[in-house]
Amino acid sequence: MSAAIAVPQHKLSETPNSRTIEINDWVIVASTNPISSASECDALQASLGFPLPEMTFGSNYLSLEHRPSGWKMMFDTHNALKCVKEGQLGEGDGGVKVGYADAWLKSRTDPGTNLPLPVTVAAKHYDWTYTMTYPGHHSDAVEPPSPSIPWIDADPENPSHSIPLSELTRPDPILFYAEIPLFEDELHDNGSSNLLVRIRVMPTCIFILSRFTLRVDNVLFRTHDTRMYHSFTSSPSLVVRQVSGWETPYDRVKRRLPSRNDLTPLTDANFIAKVLTELPVAESQQTGAKTGWRGLRTKVEVAVLGRDEL
């Protein structure tokens with residue numbers, strides 16, 4: 001039987017739309033609000049320059065502040081949507097067309113012609129799937145401002161530069177938990193696109209998962225995860241960030257359904273992510289769905305908050 005985990009002193013507080021935990025050197029705020037009003041959507045859309053997702057939670061956010069260093073990280077809707085490609089999609093953007101586009105075009109082309117089908121491109125002036133590789137952003141709202149603390153490549157030989165799955169799967173007490181939806185869209189009944197941020201604070205650590213999930217029916221599945229981890233005992237004090245992206249053709253995930261007649265799991269972001277991460281890396285992070293999306297990768301970085309030497 002494992003030893004009991006000591007629970008550090010902490011303070012919880014809440015308002016009607018936010019919850020806060022103060023623990024060790026950290027202040028963490030999770031704000032969840034109703035879907036943005038029409039006037040709020042109008043203002044946000046005007047600043048972004050493209051139509052918003054059907055369900056936009058423009059006032060939702062997660063913030064983490066490390067008080068000794070003044071380092072502050074945030075996840076919010078506005079900055080997430082700023083990562084959506086505006087304008088003509090180019091190489092690396094992972095542009096997607098709906099599953100029936102080629103069939104529709106072929107049905108309107110003379111079947112006897114020897115001319116190749118014209119290339120179909122998105123007519124919209126932005127990425128209609130809301131694909132992004134948003135890893136969170138630094139906030140400069142901390143007063144007084146602190147020196148910039150950059151993300152640097154993790155050292156694969158340093159155990160403290162990785163996220164310990166064994167610690168995260170232990171049945172430790174959860175002192176603070178929140179789910180913060182940022183947006184969701186059904187892509188004009190062609191699938192689903194959504195971004196959800198989750199945070200857990202345990203006696204020994206902080207763990208965040210920000211997950212973008214895309215399903216374009218009969219075309220592809222795509223997931224982009226940002227994981228952030230901080231151990232309260234790390235020395236020097238640091239945060240580990242792992243950014244990963246995967247995609248695969250729609251049928252590749254569909255074949256993994258537990259029951260062929262039940263398509264419900266195809267709407268479950270956790271099921272989709274599980275299938276994508278279990279596929280060979282050469283398939284899910286190199287070939288993908290042959291869109292050329294630059295998000296297909298895994299990158300691990302650290303931000304050193306303490307003054308000790310690495």
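1. Of the 310 residues of the protein, 47% count as buried, where buried means under 20% relative accessible area, exposed means over 50%, and partly exposed lies in between (1.4 Å probe, protein chains only). The model is predicted, so local features need pLDDT of at least 70 and side-chain atom pairs count only at pLDDT 80 or more, while totals for chains, interfaces and linings use all residues. Residues are numbered from 1 along each chain as its sequence is written, and side-chain values use heavy atoms, with hydrogens and water left out.

2. The protein has 7 helices and 14 strands. Both are DSSP runs numbered from the N terminus: helices are H or I with at least four residues, strands are E with at least two. The protein exposes about 16300 Å², and carbon and sulfur atoms supply 52% of that area; accessible areas come from the Shrake-Rupley method with a 1.4 Å probe, and for residues only the protein chains shown count as cover.

3. A contact here means heavy atoms within 4.5 Å. Among contacts between residues at least 6 apart in sequence, 67% join residues at least 24 apart.

4. Strand S12 (residues 220–231) is mostly covered, with 11 of its 12 residues buried. Two strands pair if DSSP finds at least two bridges between them. S12 pairs with S11 in the antiparallel sense over 12 bridges. S12 is also joined to strand S13 (residues 238–249) by 10 bridges, and these two strands run antiparallel.

5. Thr213 stands opposite Thr223, and in S13 the bridge partner of Thr223 is Trp246.

6. Is Ser210 buried or exposed? Ser210 lies in strand S11 (residues 205–216), and it counts as buried because its relative accessibility is 2%. Leaving aside neighbours within four places in sequence, Ser210 is in contact with Phe75, Leu195, Leu196, Val197, His224, Asp225 and Thr226.

7. How many salt bridges does a search of the whole structure find? The search finds 14, a salt bridge being a side-chain nitrogen of Lys or Arg within 4 Å of a carboxyl oxygen of Asp or Glu.

8. Glu179 and Arg198 meet through their side chains in a salt bridge (3.2 Å, N to O). This pair links distant parts of the chain: Glu179 is in strand S9 (residues 176–185) and Arg198 in strand S10 (residues 191–201), 19 residues apart. Glu179 is partly exposed, with a relative accessible area of 38%. Arg198 is also partly exposed, at 22%.

9. Asp217 forms a salt bridge with Arg215, and the closest N and O atoms are 2.7 Å apart. Asp217 counts as partly exposed at 24% relative accessibility, whereas Arg215 is buried, with a relative accessible area of 14%.

10. Asp225, one of the contacts of Ser210, forms a salt bridge with Arg227, the closest N and O atoms being 3.0 Å apart. Asp225 is buried, with a relative accessible area of 0%.
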